[in-house]
Amino acid sequence: MNDKNENTACAASGDRMRIVRKEALPTSRWSGGTTTELAIWPEDAVYAERNFTWRVSSARVEAEESVFTSLPGIARCLMVLDGTLYLHHEGHYDTVLERFGQDNFCGSWHTASRGRVTDFNLMTASGEGRVQLLEIDASSVREVALMPVVAGWGCVGEVFYFLSGGVSLAFADGSRTEMAAGDVLVVHRETAGLPPAVAMENRGKAAAEIVRAVIYHD
């Protein structure tokens, strides 16, 4: 994988991978701030039409208080990347999220928030998803095994959102690419079998942080 192919689908050991640079990610406004779409499936789905299987985005909450968009039938996972967020799920519970704290809730709930933050959002209309933080020590390499397709689901999607720059990726086919802060790696697998690992080398002098979403779906 090289810079000429970074925004096109390519094959690497049976995996479909795509790198999208920060400047190519679409950003739109909502009532409380802005949202940057990191990935959506199917790739031709449109969030406004609610015809997606899953969607991953990062939002900047600029209003001190806001109300979340009602999304019936959508499961949500929200992780705070910067700041402190107070969530009130009416009739359910309240919670406070510090940096890298996360909350799973139903999109149909009436949810209000307080706090100016940057967050990471996973929405799933079907399937199962989860979000985790990957950390790579300064001047070190971490082998990250991609997720296999498992019984009961036809596909697995993964989205890696690089909060830190200076990370070099080495793929099973021998190709390499450099990731800057804000870049995204999207992986889609439909074939069974043991998936390859991606070697992530942090060339920086501080720990690198990457948010990873994993979604099993049909």
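Guide: On a 1 Å grid over the protein atoms alone, a pocket is an open set of points with protein on both sides within 12 Å along at least five of seven lines, and its volume is the space filled by probe spheres set on the points. The model discussed here is predicted.

Visitor: What volume does the second largest pocket have, and which strand gives the most residues to its lining?

Guide: Among the 16 residues that line the second largest pocket, those nearest its centre are Trp30, Thr35, Tyr47, Thr69 and Arg76. Two or more lining residues come from each of strand E3 (27-30), E5, strand E7 (75-82) and strand E12 (117-124). The lining divides into seven nonpolar, five polar and four charged residues. The volume is about 260 Å³, and the strand that gives the most, with four residues, is E5.

Visitor: Which strand gives the most residues to the lining of the largest pocket?

Guide: The largest pocket has a volume of about 320 Å³, and of its 15 lining residues the closest to the centre are Lys22, Thr36, Ser58, Thr118 and Tyr161. By class, this lining holds six nonpolar, seven polar and two charged residues. Strand E4 (33-41), strand E5 (54-61) and strand E15 (155-162) each supply at least two residues. The one that gives the most, with three residues, is E4.

Visitor: In what order do the four strands of the open sheet lie?

Guide: The edge strands, each pairing on one side only, are strand E14 (140-145) and strand E17 (176-179). From one strand to the next the twist averages 25°. The pairing in this open sheet is antiparallel, and the order is E14-E19-E16-E17.

Visitor: Which residue of E17 is the bridge partner of Ser168?

Guide: Strand E16 (residues 167-170) and E17 run antiparallel and are joined by four bridges. In E17, the partner of Ser168 is Glu178.

Visitor: Does Ser175 count as buried or exposed, and which side chain does its own side chain contact?

Guide: Ser175 has its place in the loop between E16 and E17. Since buried means under 20% relative accessible area, Ser175, at 13% relative accessibility, counts as buried. Its side chain makes a polar contact, at 2.7 Å, with the side chain of Asp173.

Visitor: What is the omega of the cis peptide bond that joins Trp41 and Pro42?

Guide: Most peptide bonds are trans. Pro42 lies in the loop between E4 and E5. The bond that joins Trp41 and Pro42 is cis, with an omega of about -5°.

Visitor: What distance separates the C-alpha atoms of Gly73 and Pro42?

Guide: Gly73 is found in the loop between strand E6 (65-67) and E7, where, at 62% relative accessibility, this glycine counts as exposed. Gly73 and Pro42 are 31 residues apart along the chain, and their C-alpha atoms are separated by 17 Å.

Visitor: Near what value is the phi of Phe100, and does Phe100 count as buried or exposed?

Guide: Most residues other than glycine have a negative phi. Phe100, placed in the loop between strand E9 (93-97) and strand E10 (102-106), has a positive phi near 70°. With 19% relative accessibility, Phe100 counts as buried.

Visitor: Near what value is the phi of Ser139, and does Ser139 count as buried or exposed?

Guide: Ser139 belongs to the loop between strand E13 (128-136) and E14, and its phi is positive, near 50°. Because exposed means over 50% relative accessible area, Ser139, at 60% relative accessibility, counts as exposed.

Notes. Residues numbered from 1 in each chain as written. Predicted model: local features only at pLDDT ≥ 70, side-chain atom pairs only at ≥ 80, totals over all residues. Heavy atoms only, no water. Pairing = 2+ DSSP bridges. Axes fitted to C-alpha atoms, helices over the stretch in contact; angles between N-to-C directions. Buried < 20%, exposed > 50% of the residue type's maximum accessible area, 1.4 Å probe, protein only. Polar contact = N/O pair within 3.5 Å; in protein donor to acceptor, adjacent residues only side chain to side chain. 1 Å grid on protein atoms, 1.4 Å probe; cavity = no way out; pocket = protein on both sides within 12 Å on 5 of 7 lines; lining within 4 Å. Nonpolar A, V, L, I, M, F, W, Y, C, P; charged D, E, K, R; others polar.
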